[in-house]
Amino acid sequence: MPGRTARTLGTIVAIVGIVMIIAGGITYYMVHNELKAANITVAEDAAFLAGDEVDGPFSAYAQAQIIDKHALEATGGKTYAQLDRDDPLRQTAMSASFLRASLFTSVVAFGVAAMAIVLGLMQVFIGWALVSLSRKEAVAYERAPA
């Protein structure tokens, strides 16, 4: 019967899309919960979201930016690599760098999770379209004169 391959492929694509949506949602939720459990608040002097709880990509980014500002203020504008090995401020710069990297990792994780959800939705729509087209093709085949 015509359209069987398209229907099968459409079903598989839609199922993979649903799995991606679920995986992306779970990932987003897990990262959100881990950040929330850390009880971090965006510093009051942050450029945006000051005082907000760090539990999402924007608040994590805002906190990472203000950590960088504070670290540069503490080290006289020097980064970890620019400080001498025996400079006691090097530890401050290293800690700030580590914290920023951790927050940026969560920002990336939120982005990847959101991308998985959007791509999953696209796959569901593509799968639905393939299944719909296969049904129309099957109806047209059945109506065609023999």
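## Ground rules

A residue counts as buried under 20% relative accessible area, exposed over 50% and partly exposed in between, using a 1.4 Å probe and protein chains only. By that cut-off Val131 is buried, since its relative accessible area is 14%.

This is a predicted model, where local features need pLDDT of at least 70 and side-chain atom pairs count only at pLDDT 80 or more, while totals for chains, interfaces and linings use all residues. Residues are numbered from 1 along each chain as its sequence is written, and side-chain values use heavy atoms, with hydrogens and water left out.

## Overall layout

The chain has 3 helices and 0 strands, and reads α-α-α along the sequence. Helices here are DSSP runs of H or I with at least four residues, strands are E runs of at least two, and both are numbered from the N terminus. With a radius of gyration of 25 Å, well over the 15 Å from the globule rule for 146 residues, the chain is more spread out than a compact globule. (That radius is taken over C-alpha atoms, and the rule is 2.2 Å times the number of residues to the power 0.38.)

The C-alpha trace spans about 90 × 30 × 20 Å along its principal axes.

## The nonpolar core

A nonpolar core is a set of buried Ala, Val, Leu, Ile, Met, Phe, Trp, Tyr and Cys residues joined through side-chain atoms within 4.5 Å. The largest one has 15 residues, and Leu35, Val42, Val54, Ala60 and Leu103 touch the most other members. Elements giving two or more residues to this core are α1 (4-37), α2 and α3 (89-143), with α2 giving the most, at 6 residues.

Contact means heavy atoms within 4.5 Å. Skipping residues up to four places away in sequence, Leu35 touches Val54, Asp55, Gly56, Ala60, Leu103, Ser106 and Phe110.

Gln63 sits in helix α2 (residues 57-74) and is buried, at a relative accessible area of 10%. Setting aside neighbours within four places in sequence, Gln63 is in contact with Ile40, Thr41, Val42, Ala43, Val54 and Leu103.

Val131 belongs to helix α3. Val131 and Ile40 are 91 residues apart in sequence and 47 Å apart in space, C-alpha to C-alpha.
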